[in-house]
Amino acid sequence: MKTTAGNTYQRMSDQKETMTPSGQDDRGLKKLLTHTRLYDFFQNHVLGGKKARTWLAKNFWRLRGGETVIDLGCGSGTVLEYLPEDIDYLGVDISENYVRAARQRFSERGRFFLGSVGDFLNQDDQRKGTADVVLCNGLLHHLPDDEAIEVLELSKRIMKPDGRLVCLEATYLAHQTRISKWIVSTDRGRCVRSEQEWKDLLGRVFNCYSTWILTGLIRIPYTHIVIECVNDQLSDAQSKR
Ligand SMILES: C[S@@+](CC[C@H](N)C(=O)[O-])C[C@H]1O[C@@H](n2cnc3c(N)ncnc32)[C@H](O)[C@@H]1O
């Protein structure tokens, strides 16, 4: 059991007790990645994250400035380096280390909430319907279905009627080389899904979503899925009439 942001946060089966409350596998060498500088170095300089994020910013996040952005599982807030200066940014993360680093680096660019995504909305319902873009990079593949659904539902609540949710996650392909499948399976996230499983999950919350499979986004043979969901509250309401 662990307390975050004043709320009791209890999850994980006995088998997963060696993991952090975020459902992250931090055993062995992976523990090194809980140190913010090592994580950022690994992402940027080993995996080629800078180039990847620059490409994602241009092709999927597509921010022009002036938007309200909520970043779920924001880590150390690195995404801010790739977004326009004049956005209203709020990051949410359950890791004290990452949020401390984010506040040190980016206190002038955004605000950061320490706690789970669930904690965040329970404490801040004023956020309902305010986000132009909800970002969710690398969070959902840490969460089992029920918690991932909760995050998708909360995202839907905080998006404006014309808002977007954009996620980048690890995925398995229907057919993939053994080495690539093995590398994806070593991810710290314990809930990497196949493309079809991602679609099934999304379909439980959103009527309108698109997915793209990316191979070669980073320097190792890894497979990602980009997910974009649009807020279909208006069309939901119309179809229920
Ligand atoms: C793979 S990291 C991605 C970090 C960042 N989005 C990036 O792209 O560098 C996943 C992040 O999700 C956070 N996380 C995991 N479970 C969470 C939860 N239930 N609520 C909020 N953050 C969570 C972890 O602490 C970690 O920072």
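Trainee: What pLDDT does the protein average?
Mentor: This is a predicted model, and the protein averages a pLDDT of 84. Of the residues, 80% score at least 70.

Trainee: Which elements have the lowest and the highest mean pLDDT?
Mentor: Strand β2, residues 7–9, has the lowest, with a mean of 29. Strand β3, residues 68–72, has the highest, at 98.

Trainee: Where does the pLDDT stay under 50?
Mentor: Residues 1–19 are one such stretch. The model still has 28 contacts there beyond four places in sequence.

Trainee: Why should I care about low values?
Mentor: Where pLDDT is low, the predicted coordinates should not be read in detail.

Trainee: OK, the overall build. How many helices and strands are there?
Mentor: The protein has eight helices and ten strands. Of its 241 residues, 35% count as buried. Among contacts with a separation of 6 or more, 63% are between residues 24 or more positions apart.

Trainee: And the largest nonpolar core, how many residues does that have?
Mentor: It has 47 residues. Those with the most contacts inside it are Leu 72, Val 134, Leu 135, Cys 136 and Val 151.

Trainee: Take Cys 136. What does it touch?
Mentor: Leaving out residues up to four places away in sequence, Cys 136 touches Leu 72, Gly 73, Val 151, Ser 155, Leu 165 and Cys 167. Leu 72 and Val 151 are also in the list of core residues with the most contacts.

Trainee: Changing topic: where is Val 230?
Mentor: Val 230 lies in strand β10, residues 223–230.

Trainee: Is Val 230 buried or partly exposed, and why?
Mentor: Val 230 is partly exposed, because it has 18 other C-beta atoms within 10 Å, and a buried residue needs 20 or more.

Trainee: Which residues is Val 230 in contact with?
Mentor: Apart from neighbours within four places in sequence, Val 230 contacts Arg 164 and Cys 208. Val 230 and Arg 164 are 66 residues apart along the chain, yet their C-alpha atoms are separated by 4.7 Å.

Trainee: Last one, Arg 62. What is its phi?
Mentor: Phi of Arg 62 is near 50°, a positive value in a residue other than glycine. Most residues other than glycine have a negative phi.

Trainee: Where is Arg 62 found?
Mentor: Arg 62 sits in the loop between α2 (49–61) and β3. It counts as partly exposed because it has 13 C-beta neighbours inside 10 Å.

Technical notes
Residues are numbered from 1 along each chain as its sequence is written. This is a predicted model: local features need pLDDT of at least 70, side-chain atom pairs count only at pLDDT 80 or more; totals for chains, interfaces and linings use all residues. pLDDT is the predictor's confidence in each residue, from 0 to 100. Helices (H or I, at least four residues) and strands (E, at least two) are DSSP runs, numbered from the N terminus. Two residues are in contact if their C-beta atoms, placed from the backbone, lie within 7 Å. A nonpolar core is a set of buried Ala, Val, Leu, Ile, Met, Phe, Trp, Tyr and Cys residues joined through C-beta atoms within 7 Å. A residue is buried if 20 or more other C-beta atoms lie within 10 Å of its own, exposed if 12 or fewer, and partly exposed in between; C-beta atoms are placed from the backbone.
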